[in-house]
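Okay, thanks for coming, everyone. Let me put it on the screen.

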Amino acid sequence: MNANEGSPGASTPSERPLIKEAAPSAPGALAARGWLRGLVEYLAQTRWWAVAAAFHVLLLALSGVVAMVALPYFGQGETYSTLSLVHPPAPEYDEKPARDVFLKPMPVDANSAPIENPMVTHETIEFGDHSETEVSNSFDTQMLRGAAGMSDMPMGGSGTVAAIGFGGGGGGAYGCSSYAGAGGRRRLAMRGGGALATTERERRAYAVDPRVAAAVRWLAQNQDADGGWDCKAFGGKEHDVAVTGMALLAFLSAGSTEMEGPYRDQVRRAVTYLKQHQLPDGRLAGAGGEGDGYAHAIAGMSLAEAAGQGRVSDTIRAAQQAAFWSAALPDVPDAAWRYRGPGGEGDLSVTGWYVLQLDAARANGLRVSDHALDQARAFLDRVSVKEKGAAATKYLYRPGGKESVRLDAIGAACDLLLGDGRSPAHGLRALPDARTPDLYYWYYGTLAAFQAGGHPWKQWHGALYRTLASTQRRGGAETGSWDPAGDYADHWGRVGQTALSALCLNVYNRNLPAAPDSTAGLAPAPAPEPKPQALENPQDAVDPVANTESYDPIDEATFTKVIGADALSTFDIDVDTASYSNVRRFIQGGDLPPAGAVRIEELVNYFDYDYRAPDNGDAFAVRTEINECPWSPAHRLALVALKGRELERAKPEARPSSNLVFLVDVSGSMSADNKLPLVQQGLRLLVDNLNAKDRVAIVTYAGHAGVALESTPCGDKRGILNAINSLGAGGGTNGAQGILTAYELAKKGFIPGGANRVILCTDGDFNVGVTSRDELLDLIKEQARSNVFLTVLGFGMGNYKDSTLELLADKGNGTYGYIDTFTEAKKVFQNDLDATLVTIAKDVKIQVEFNPAKVAAYRLIGYENRVMAAKDFRDDTKDGGEIGAGHRVTALYELIPFGDPGASAVRGAGPLKYQETAKSSAAAQNGELFTVYLRHKQPEGDSATERDVAVRDAGLGWKDASANLRWASAVAMFGFQLRGSAHKGRTGWDLIEKTAADAKGKDELGYRAEFLDLVAKARALPKR
């Protein structure tokens, strides 16, 4: 029996109240009890499942309210909001100065805030350990695979290597840049704090921290007009290239690329600035000093990240060049990286940045040699301190050198990147603390701790976030920035401090954890998407359409027997250089050039040589040299060279007035970054080097031609530059109409005795109006009679029409160049300005008569499309080549001496049935090897003058060869190797490199060093 049964006041079960009544109290309490009684009675009569549903709805509503309040503080470890990047609101800062303690550099005490294994609890507030299962993107992944989606391609690699990205984006299954699954953070951030997210949780997860938004806003406000940041102006030293790289990484991490995002203009200008500071060999040069090694690696890392996200062809090429330079470690056991780059005894501080750069390059589809990565691993082993059978616990500056917590963080992060797989928490022995600022340590420590996840990351990030949040400027012109503090703060100043702080805070939008570590408590990672193969040629990622570049085939010259009229070799000179820069573009992009793109005379004539200029008023001086042939020692090698009259560069008035018409292709095919934008950069350079007596007009053509700028004196440079800056691409390509309009303007403003020139900038893809190549050539030949000269400059890739542009320059009394980088634009428009603009002789022809008593056969190297009939030499209606002020022309002949047994194998004219074989004259016995005849006209003249130079062979050996002949020989052999020449003899990569290295000389502009680098890269490429 129940204990209550039969007791007074008992009730049956159906009458028992659900809530025990309390003694009456205040009227409010009575009212509340009445309301509750009614609710209870109502629920008692309701079906159980309806009560349960209502209860859960109420619980979910209450949970939502709590989450809205609490998530900004206890979210994923950071204070996220859903602010839009398009119009980010100003953060609500208190108007108070930063903490004084953060204004002074303070040494790091290795014993402060010690971390037990793995880490001790440092704060009571919980920060997320990012061990939760990541949200999958629900939007259609195919939408991301188009042109815009190229920036979201997975980055390759595996394991920890695939999942980390130290700059603007990461790769692998968790990275910011994957197509689907857990990736896509960067894309959502770029759309404005997660505008494409489908759930509230996604919007919060993909938002950009307001402190990061404030930091990049400050960086944007303080970017210089040239695209860089003035490090000294903000408390640093002359490390503008390095801090520009840091700032660029911050913009990339916040979701902007060259093509998209609220800060795309700032990104584009920063990328352009770094390209402008790239030397021909690929090095990104700072202001000099020991910081150059850091500057290159940091800037190279940022270009690699920009290339991977924006997929702009010229940026891909610049990033690849930078990576090639960094990876050029010599094959010696102790090689690593030091202040001046790869090679020699390295240190961990510098090597860390190069590891980050090379991994970023590899992750973004660029070529990185396994040799360089192996050398980095070997160096890390040499500087690590390990217990037997255990992972590294400490890292040293150099083998046997000092240790520090900073070096531990660098070593741990690099080991993780290079595939060691150990938990990076081993490398962290002190938490971030504002009392001991060391952003260098915090940067590497953040990258390493984030990969560990779990408890180590939670404690690290809690300390880091509070430290940076409490010291960010709140108020005034420096709002959003951080005061320089710590050991390196006086080097990188406020700009570097702000950029690196933003990167630390924005680690969620930069990369996500690597493979889970069982000791870190991470949930199993979802299977990654299949990773694409690394790009064989990075340029292929830019133009997915079929490659329509065109090159005329080259029939390599063979040996000709010196018999009768065949003893004469006649050609018009060529000072074009397009082939070299175009070949360079292919090789630096990771591919060998088509055989038709390799014109050996243009490779040879790209370089400067130490030829003496004329001193007697002649248009040019002649130089000859005979020596042993390096690739066929039994043969002789003859050099025939011209050097044009130079202008006095110290006297601007020495250069005649210029009447220039820029003829710019603005058709749709010119929209790529390495086309019209590069044209504009080059033309701005040219205008900067003109003076008030010069005039410029601009004609554009797409579907139709138009005059963008009437002939304008260069005293109005602002107006000219505004016209250049306003050009935009779109439409078809009616080149013929543009040519006619440009020549009309040039003839209208013709300056007698001046430099009258049309400068055509195009990719050569004429597809509207007159499109036949023969018709275009006829049009150019007709216009060339006006004594207006032509400079043809080619740009771009994919649809480049080399075959058309070379002939246009040839028939237009002009020169032909190819501009693939800003550095090449500087060479054409700045370094070679006089040769580009001022013609000193036209219709220049060379005829060489060989002495059959000395020469059995000869071969002109290159110039295959410049060969003329012997009778055309003195026919002044036949065009020759043009020479500009200071131009150099080099031609090489390979000669088979008379009596050489090999001469019998040369095919030539045999005995004649109806004629006697020509008899040698008495002059054949005078010891002369050959005679050079030169013929040319004045720039505005119609009559030609002629001169001749007789040449003897002194029998010199190769050891007596001049540096000029040795360098020209090395470049010619490079051409043989690229084309697979049937006449290359013993040519090989070793011989090319040794010959070039011996003849490199001073090389003040770095062009010869770039050639040596190009040879090394070509050597490493797979053969066809």
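First, the housekeeping. This is a predicted model, so keep in mind that local features need pLDDT of at least 70, side-chain atom pairs count only at pLDDT 80 or more, and totals for chains, interfaces and linings use all residues. Residues are numbered from 1 along each chain as its sequence is written, and side-chain values use heavy atoms, with hydrogens and water left out.

So, the overall picture. The chain has 28 helices and 20 strands; those are DSSP runs, H or I over at least four residues for helices and E over at least two for strands, numbered from the N terminus. There are 1024 residues, and 57% of them count as buried. Buried here means under 20% relative accessible area, exposed means over 50%, and partly exposed is in between, with a 1.4 Å probe and protein chains only. The accessible surface comes to about 40,900 Å², and 53% of that belongs to carbon and sulfur atoms; the areas come from the Shrake-Rupley method with a 1.4 Å probe, and for residues only the protein chains shown count as cover.

What about contacts along the chain? Take those between residues at least 6 apart in sequence: 77% of them join residues at least 24 apart. A contact, by the way, is heavy atoms within 4.5 Å.

Now the helix pair. At what angle do α19 and α24 pack? Helix α19, residues 676–688, meets helix α24, residues 822–831, at about 35°, and their axes are 9 Å apart. The axes are lines fitted to C-alpha atoms, for helices over the stretch in contact, and angles run from 0 to 180 degrees between N-to-C directions. On the α19 side, the contact is made by L678, Q681, G682, L683, L685 and L686, and α24 brings in F822, A825, K826, F829 and Q830. By class that gives 7 nonpolar, 3 polar and 1 charged residues. For the classes, Ala, Val, Leu, Ile, Met, Phe, Trp, Tyr, Cys and Pro are nonpolar, Asp, Glu, Lys and Arg are charged, and the others, Gly among them, are polar.

You'll find Q847 in strand β15, residues 839–850, and with 3% relative accessibility Q847 is buried. What does its side chain reach? Beyond four places in sequence, the contacts of Q847 include F873, R874 and Y933.

S256 is another polar one. S256 sits in the loop between α7 (240–253) and α8 (264–276), it's buried at 1% relative accessible area, and its side chain reaches the backbone nitrogen of Y263 at 2.9 Å.

Then F974, in helix α26, residues 963–979. Is F974 buried or exposed? Buried, at 0%. Leaving out residues up to four places away, F974 touches residues including V583, I587, W989 and F1011. F974 and I600 are 374 residues apart in sequence, yet 8.5 Å apart C-alpha to C-alpha.

For contrast, K237 is partly exposed at 38% relative accessibility. K237 lies in the loop between α6 (210–221) and α7, and D490, 253 residues away in sequence, is 6.8 Å away C-alpha to C-alpha.

Y863 has phi near 60°, a positive value in a non-glycine residue; it's in the loop between β16 (855–861) and β17 (881–884) and buried at 0%. D1003 isn't a glycine either, and its phi is about 55°, also positive. D1003 lies in the loop between α27 (989–998) and α28 (1007–1020), and at 19% D1003 still counts as buried.

Conventions: Polar contact = N/O pair within 3.5 Å; in protein donor to acceptor, adjacent residues only side chain to side chain.
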